[in-house]
Amino acid sequence: MSLYAEYIKEHDDADIIEWKNGYLTYKQIDVNTVYLMDIYVKPKARGKDLGKKLLDEGARRAKELGCNQVLGSVIPSANNSNLSMKFCLDWGYKLSVCEKDKIWLIKEI
Ligand SMILES: CC(C)(COP(=O)(O)OP(=O)(O)OC[C@H]1O[C@@H](n2cnc3c(N)ncnc32)[C@H](O)[C@@H]1OP(=O)(O)O)[C@@H](O)C(=O)NCCC(=O)NCCS
């Protein structure tokens, strides 16, 4: 287990999918729902579907946990948030709730 994996387990009770060029953190938040928290793909590996595959794997794990939906979020003021939002919508997330500086997305799985 990486140090970061240890940290998010202790700090947020969250888990992580760690691949060579990217990771996705996630956490079950209720009986039906897993929150896919942070996703990161190394710049050199972007645009080759790795991000989509990480979300697919997160959804697969959510199903394994007995959940039927996943949540995601985009912070509008973050760098390149327009690209992040496009990536999320392309994956099939739908708009759930807009807060002041957080857009919540939801997808049935
Ligand atoms: C968002 C991110 C995870 C996408 O990963 P990825 O492996 O490039 O994603 P995929 O190859 O599966 O999908 C590519 C799509 O992501 C979007 N995208 C977002 N940022 C991108 C980038 N820097 N380069 C290329 N595509 C990017 C584009 O819409 C692209 O769609 P297109 O091919 O139709 O143009 C990645 O760019 C990243 O780690 N960004 C920095 C961290 C971040 O913003 N995380 C998301 C917070 S919600």
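**Close-up views of the predicted model**

**View 1. Strands β3 and β4 run side by side.** In this predicted model, β3 and β4 pair in the parallel sense, with three bridges between them. To get from β3 to β4 the chain goes by way of α2, and this β-α-β crossover is right-handed.

**View 2. β2 and β3 form a hairpin.** Here the pairing is antiparallel, and β2 and β3 share seven bridges. Two residues make up the link in the hairpin that joins β2 to β3. Y35 turns up here too, as the bridge partner in β3 of K27.

**View 3. Inside the largest nonpolar core.** This core has 17 residues, and the ones touching the most other members are L24, V34, L36, L55 and V70. Two or more residues come from each of β2 (22-30), β3 (33-41), α2 (50-64), β4 (69-74) and α3 (81-91).

**View 4. Zooming in on V70.** Which residues is V70 in contact with, once its neighbours within four places in sequence are left aside? They are V34, L36, G58, A59, A62, K107 and I109. Of these contacts, V34 and L36 were already picked out in the core view, as was V70 itself.

**View 5. Around the ligand.** There are 17 residues around the ligand, and R46, G51, K52, L83 and F87 come nearest. β3, α2 and α3 each give two or more residues to this shell, with α3 supplying the largest share, five residues. By type, the shell splits into seven nonpolar, six charged and four polar residues.

How values were computed
Residues numbered from 1 in each chain as written. Predicted model: local features only at pLDDT ≥ 70, side-chain atom pairs only at ≥ 80, totals over all residues. Core = buried A, V, L, I, M, F, W, Y, C linked by C-beta atoms within 7 Å. Buried ≥ 20, exposed ≤ 12 C-beta atoms within 10 Å, placed from the backbone. Helix = DSSP H or I, 4+ residues; strand = E, 2+ residues; numbered from the N terminus. Contact = placed C-beta atoms within 7 Å. Near = placed C-beta within 6 Å. Nonpolar A, V, L, I, M, F, W, Y, C, P; charged D, E, K, R; others polar. Pairing = 2+ DSSP bridges. Right-handed = clockwise from strand over helix to strand, strands pointing away.
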